[in-house]
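This briefing goes through a structure by topic. The sequence and model are shown first, and the notes follow.

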Amino acid sequence: MSDVLRVQWTIIPRTAPQPWLTCSRCGEPRRFRSSDKIRVNANGKRVDAWLIYKCTCCGSTWNRPILERRQVQTIEPDFLTSLRTSDSMLTRRFAFDVEGLRRRAGRVEEFDDALVIRNVLSESTMPTRQLEILCSVPEPVGLRVDRMLANELQLSRSRVQSLAKIGELVAFPPGSHLRRAVRDGMRLVIDLPGYSGWPAIRAR
Ligand SMILES: [Zn+2]
């Protein structure tokens, strides 16, 4: 054992990214939110499917293409059933696919509200001096690294920045930026001698 506490944090976004689109009814750019409903249209042997978004001001809809003029026999039957029933796992997967959304919508807003599920990977000897966090991010999330650390470790954001400045907080891979969103596989190593929050980090 060493004096390093190793943990894994899984970061689950709560709010799906929202595109900004010119709403035909409002007459100006508005945020649109996924309705978690999929519309499927079968025309002969061709199938179209859209995820329906709604203007957050007036409720007007925008159809985000999922399938376009696809031959029905090339579609997995289970997938087609999930589309027709607006299966919640599937709608979530599409709603959180920020890259796919950007290709359709241009400007997309991401949100930083997220659930952080903590797991201890290996215990340390006492007193603990260093925390190593392995970040697991199954879906892209807008949560900045410095904000996440401040929230979860109960430190001020300026303390987090100053730890980084003096080299007591190091992010891997090299070049990772604390002011940017946390990414899958990121590893954060923080020296925290004398820190009083260790029991809280182990507790969840
Ligand atoms: Zn509108």
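A donor here is an N, O or S atom within 2.8 Å of the metal. By that criterion, the donor residues of the zinc ion follow the sequence spacing C-x2-C-x28-C-x2-C. The model is predicted, and the values below are computed from it.

**Zinc site**

- Four cysteine SG atoms, those of Cys23, Cys26, Cys55 and Cys58, coordinate the zinc ion at 2.2 to 2.4 Å.
- The angles among the four donor atoms run from 100 to 115°, and the site of the zinc ion is tetrahedral.
- For reference, the ideal angle for four tetrahedral donors is 109.5 degrees.
- Cysteine 55 has a relative accessibility of 4% and counts as buried because the cut-off is under 20%.
- Cysteine 58, at 26% relative accessibility, counts as partly exposed.

**Nonpolar cores**

- The largest nonpolar core holds 31 residues, and Ile11, Leu131 and Leu149 have the most contacts inside it.
- Two or more residues of this core come from each of strand S1 (4-13), S7, S8, H4, H5, S9, S10 and helix H6 (198-203).
- H4 supplies the largest share of this core, with five residues.
- Leaving aside residues up to four places away in sequence, leucine 149 touches Trp9, Ile133, Gln154, Val160, Leu169, Leu188 and Ile190.
- A second, separate core has 24 residues, including Phe32, Phe94, Ala105 and Val108.
- In soluble globular proteins, nonpolar side chains tend to be buried together.

**Helix H5**

- Val160, Gln161 and Leu163 are buried in helix H5, which spans residues 157-165.
- Viewed down the axis of H5, its buried residues lie within an arc of 160°, so they line one face of the helix.
- The cover over these buried residues includes helix H4 (145-153), strand S9 (169-172) and strand S10 (187-191).
- Exposed residues Ser158 and Lys165 sit on the face of H5 turned away from its buried side.

**Serine 124**

- The loop between strand S7 (114-122) and strand S8 (130-136) contains serine 124.
- Serine 124 has a relative accessible area of 7%, which means that this residue is buried.
- The side chain of serine 124 makes a polar contact of 2.7 Å with the side chain of threonine 128.
- A polar contact of 2.9 Å also links the side chains of serine 124 and arginine 202.

Note on methods
Residues are numbered from 1 along each chain as its sequence is written. This is a predicted model: local features need pLDDT of at least 70, side-chain atom pairs count only at pLDDT 80 or more; totals for chains, interfaces and linings use all residues. Side-chain values use heavy atoms; hydrogens and water are left out. Buried means under 20% relative accessible area, exposed over 50%, partly exposed in between (1.4 Å probe, protein chains only). Helices (H or I, at least four residues) and strands (E, at least two) are DSSP runs, numbered from the N terminus. The arc is that of the directions from the helix axis to the C-beta atoms. Contact means heavy atoms within 4.5 Å. A polar contact is a pair of N or O atoms within 3.5 Å; within protein, one must be able to donate a hydrogen and the other to accept it, and residues adjacent in sequence count only if both atoms are side-chain atoms. A nonpolar core is a set of buried Ala, Val, Leu, Ile, Met, Phe, Trp, Tyr and Cys residues joined through side-chain atoms within 4.5 Å. Donors are N, O and S atoms within 2.8 Å of the metal (3.2 Å for Na, K and Ca); water is not among the atoms, so sites may look incomplete. Four donors count as tetrahedral if all angles lie between 85 and 135 degrees; four count as square planar and six as octahedral if opposite donors are over 155 degrees apart and all others between 65 and 115; anything else is irregular.
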